[in-house]
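Q: I have a structure open and would like to go through it with you. Could you look at the strands with me before we turn to other parts?

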Amino acid sequence: MTMMYTPTIPPPDPNTRTPKFKLPKLSCDAHCHIFGPGAKYPYARDRSYTPPDAPLEDFRALHAKLGVERAVIVNASVHGTDNTVALDAIAEGNGAYRAVANIDDTITERGLRVLHDGGFRGCRFNFVRHLGGVPDKRVFDRIVAMVAPLGWHIDLHFDAIDLPEYADMLTKLPLSYTIDHMGRVKASDGLDQLPFRILIELMQRDEKCWVKICGSERVSSAGPPFTDAVPFARKIVETAVDRVIWGTDWPHPNVKVMPNDGDLVDLIPLFAPEPEVQQKILVDNPARLFEFDQ
C-alpha cells in the first residue's frame with residue numbers, strides 16, 4: 001500500500017539563487033539530507049516531524065545550481081534506522097556521495113559492513129531535545145565500540161546549552177567526531193558565551209574534534225542574510241582549519257526562517273576569505289574525513 005503523508009514543516013526555497021561565489025572544483029556539501037519520496041522510502045512511525053519530499057532529483061538539481069560536485073548525505077531521523085534512501089543515492093552517485101547513518105543497538109557487524117561498503121563513513125547521534133533527546137549511554141557506547149574499527153566518526157547534534165555537560169565525554173572518545181551547526185550557539189549571546197567557548201576549547205585541545213560551519217540560519221538571531229553567524233564561523237576556522245567542513249543542511253528541516261541556498265554559499269567567502277582556506281574546508285578536509293577518491 002502506498003503511504004500518504006501530510007507535511008508538518010515547510011519545503012526548501014524552490015528558487016535557488018545562483019551564488020556569486022564560485023565554489024572550487026570538487027567542493028563538498030558535507031551536511032545535507034534526502035527526504036523520501038515517502039511513497040518509495042517510508043518515513044518512520046515514531047518521527048518527530050513529517051517533511052515534504054525532498055528526493056534525489058531535487059538534491060542533484062540544487063547542487064548543480066550551486067556548483068557542488070560532492071555531498072555527504074546525513075540520513076535524517078525521519079527515516080529512523082532505515083538507511084536505504086542514502087544507500088541508493090550513493091549507488092547512483094558515481095563516487096560523488098558519502099553518507100552518515102542512523103543506527104541503533106540492533107545493528108550487526110554484517111549490517112555495518114553493508115553500510116561501509118555502500119559508502120557510509122559515520123553515524124549520527126541526536127542530543128537535541130525537540131528531536132528526541134539524549135541517547136541511551138549504553139547504546140551509545142556499544143555503537144561507538146562497533147564503528148571505531150571501521151575508521152568511522154560519529155556526528156553529534158547538540159543544543160548549545162548542553163555542550164558544557166558533554167565536553168569531557170567527547171575528549172575521551174576513541175574516534176573522531178563532528179559537531180553539527182557550529183554547536184547551535186545563539187549569535188545574540190556573543191562569542192564569549194560559555195557553549196561557544198567550550199566548543200573552541202574542544203577544537204584546541206582535542207584533535208578528534210571537527211566542526212561543521214553550516215546552519216547559519218539556526219545560529220543567526222538577526223535573520224537573513226544571517227551575517228551575524230559569520231564571526232562564529234570565522235573563529236572556528238581560525239581555531240583548527242584542518243578540522244572544519246561546510247554544508248548547506250538542505251532541505252533545512254525545522255528552521256524558523258527558510259534560507260535560500262545560494263545566499264548560504266555566498267557566506268563562505270565571509271567565513272574564509274583566503275582561497276587556500278576555502279580549498280581546505282570545501283575540498284581537502286571532507287575528502288579526508290569521508291574518504292573520497294582524490
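Q: Which residue of β3 does Ile-73 stand opposite?
A: Ile-73 stands opposite Ala-99 in β3. Please keep in mind that this is a predicted model.

Q: How many bridges pair β2 and β3, and in which sense?
A: Four bridges pair β2 with β3, in the parallel sense.

Q: Is β3 buried or exposed?
A: Five of the five residues of β3 are buried, so this strand is largely enclosed by the rest of the structure.

Q: Which way do the β3 residues point?
A: Tyr-97, Ala-99 and Ala-101 point one way, while Arg-98 and Val-100 point the other way. All of them are buried.

Q: What lies across that part of the sheet?
A: Helix α2, residues 84-91, lies across β2 (70-74), β3 (97-101) and β4 (120-126). Relative to β3, α2 runs at about 165°.

Q: Stepping back, what is the strand order in the whole sheet?
A: The sheet is open and has eight strands, in the order β1-β2-β3-β4-β5-β6-β7-β8, with parallel pairing.

Q: Which strands stand at the edges?
A: Those are β1 (28-32) and β8. Each has a single partner strand, so one side of each is left without a neighbour in the sheet.

Q: On to β5. How many bridges join β4 to it?
A: Five bridges join β4 to β5, and the two strands run parallel.

Q: How many of the β5 residues are buried?
A: Five of the five are buried, and β5 is mostly covered. His-153, Asp-155 and His-157 point one way from the strand, whereas Ile-154 and Leu-156 point the other way.

Q: Let us change topic to the helices. At what angle do α5 and α6 pack?
A: Helix α5 (residues 163-171) and helix α6 (residues 194-205) pack at about 10°, and their axes are 9 Å apart. An angle under 35 degrees counts as roughly parallel, and α5 and α6 are therefore described as roughly parallel to each other.

Q: Which residues meet there?
A: From α5, the residues are Leu-163, Pro-164, Ala-167, Asp-168, Leu-170 and Thr-171. They meet Leu-194, Pro-195, Ile-198, Leu-199, Leu-202 and Arg-205 of α6. By class, the contact of α5 with α6 has nine nonpolar, one polar and two charged residues.

Q: Now Asp-249: where does it lie?
A: Asp-249 lies in the loop between β8 (244-245) and α9 (261-265).

Q: Is Asp-249 buried or exposed?
A: Asp-249 is buried, because its relative accessible area is 1% and buried means under 20%.

Q: What does Asp-249 touch?
A: Leaving aside neighbours within four places in sequence, Asp-249 is in contact with Asp-29, His-31, Cys-32, His-33, His-181, Glu-217 and Arg-218. With His-33 there is a polar contact of 3.0 Å between the side chains.

Q: Last one: where is Asp-284 found?
A: Asp-284 is found in helix α11, residues 275-290. With a relative accessible area of 29%, Asp-284 is partly exposed. Asp-284 and Pro-14 are 270 residues apart in sequence and 30 Å apart in space, C-alpha to C-alpha.

Definitions and conventions
Residues numbered from 1 in each chain as written. Predicted model: local features only at pLDDT ≥ 70, side-chain atom pairs only at ≥ 80, totals over all residues. Heavy atoms only, no water. Buried < 20%, exposed > 50% of the residue type's maximum accessible area, 1.4 Å probe, protein only. Polar contact = N/O pair within 3.5 Å; in protein donor to acceptor, adjacent residues only side chain to side chain. Contact = heavy atoms within 4.5 Å. Axes fitted to C-alpha atoms, helices over the stretch in contact; angles between N-to-C directions. Parallel < 35°, antiparallel > 145°, perpendicular 65-115°, else oblique. Nonpolar A, V, L, I, M, F, W, Y, C, P; charged D, E, K, R; others polar. Pairing = 2+ DSSP bridges.
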